[in-house]
Amino acid sequence: MTALTVPKKDTTALKQQSKQAEAILQAKDINIYYGENHAVKQLSLDINKNEILALIGPSGCGKSTFLRSINRMNDLIPSARVTGTLAYEGLNLLSDDVNVVALRKEIGMVFQKANPFPKSIYENLVHGLRFHNVKKKEWADIVEDSLKRAALWDEVKDRLHESALSLSGGQQQRLCIARTLALKPEVILLDEPASALDPIATAKVEELMVELKKNYTVVVVTHNMQQASRVSDRTAFFYNGELIEVNKTGVLFRNPEKKQTEDYISGRFG
């Protein structure tokens, strides 16, 4: 596994402790600011291994902001500032010691709008491998394995050298997931991955999410509460920058503890 710190540190004992625990990520007292705007407030949340955690809530409530903080995508926004602790394998991912390039290899992200590179399907898959100095003799096997895991291999195996932009929207999104899988991450972050897709393509992405949790931890932001109920093990409800409630998905949807959660789920606001 790639070392996430610069310079490298001996984290063997910490990693062994983490593997014995259920939580792979532990957010504690996370605050995220965009300038003076306090976008996420005092958030504490454990994310468990091999689960699908859905983040729901109205637009602008902080769920995508929190998602992006997990692999430091907010670093790309000059006005963004994050405080608190985000522990992963014994390391605080918000520390200046963290190698952000290595972090984004282990915690991959797929965005709302499919963003394949304007290259061939094959080149999309090997782009990251080349960047991370993976031996070229391994590329073909990794490409095939990643596309199979993304349930796309049978659809594209005879057209790997055609442009990725020739694929349908749903296929492009699964290609972006395959591109993430090629780097062998531990955690996959999905920011509304099916919001721009038709129902058939959405169903394929949902089936893929359920399959992926066998080997990965998946955190998905979705506005589609039916989608959250279909695919997730637990659901976290965000409102006005705060984590209001988190519970097993069936429990949260049938018997929420907080009135704000009940009002949102029932359609009274949001």
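## Close-up views of a predicted model

**View 1. The surroundings of K63 in the predicted model.** When neighbours within four places in sequence are left aside, K63 is in contact with L55, I56, G57, P58, V221, T222, H223 and F238. This model is predicted, and in it K63 belongs to helix α2, which covers residues 63–70. With P58 there is also a polar approach, for the backbone oxygen of P58 lies 3.1 Å from a polar atom of the K63 side chain. Although K63 is buried, it has no salt bridge, and E192, which is the nearest side chain of opposite charge, is 5.6 Å away.

**View 2. Helix α2 and the residue that follows.** How many of the eight residues of α2 are buried? Seven of them are, so that the helix is mostly covered. The buried residues of α2 are K63, S64, T65, F66, L67, S69 and I70. Just after the helix comes R72, whose phi angle is positive, at about 65°.

**View 3. Strand β6 and its partner β7.** Strand β6, made up of residues 107–110, is covered on both faces, with I107 and M109 buried on one side and G108 and V110 buried on the other. In a regular strand, side chains alternate between the two faces of the sheet. Strand β7, residues 187–191, runs parallel to β6, and four bridges join the two strands.

**View 4. L45 in strand β2.** L45 has its place in strand β2, which spans residues 37–48. Is L45 buried or exposed? L45 counts as buried because its relative accessibility is 4%, which falls under the 20% cut-off. Apart from residues up to four places away in sequence, L45 touches L25, Q26, A27, L53, F66, L243 and V246. One of these contacts, F66, is among the buried residues of helix α2. H132, by contrast, lies 87 residues from L45 in sequence and 31 Å from it in space, taken from C-alpha to C-alpha.

**View 5. Two buried cysteines, C61 and C176.** C61 has a relative accessible area of 1% and is therefore buried, since the cut-off is under 20%. C176 is likewise counted as buried, because its relative accessibility of 3% is also under 20%. A disulfide is a covalent bond between the sulfur atoms of two cysteines. With a cut-off of 2.5 Å between cysteine sulfur atoms, the count of disulfides in this model comes to zero.

Methods:
Residues are numbered from 1 along each chain as its sequence is written. This is a predicted model: local features need pLDDT of at least 70, side-chain atom pairs count only at pLDDT 80 or more; totals for chains, interfaces and linings use all residues. Side-chain values use heavy atoms; hydrogens and water are left out. Buried means under 20% relative accessible area, exposed over 50%, partly exposed in between (1.4 Å probe, protein chains only). Lys and Arg count as positive and Asp and Glu as negative; His and the chain ends are not counted. A salt bridge is a side-chain nitrogen of Lys or Arg within 4 Å of a carboxyl oxygen of Asp or Glu. A polar contact is a pair of N or O atoms within 3.5 Å; within protein, one must be able to donate a hydrogen and the other to accept it, and residues adjacent in sequence count only if both atoms are side-chain atoms. Contact means heavy atoms within 4.5 Å. Two strands pair if DSSP finds at least two bridges between them.
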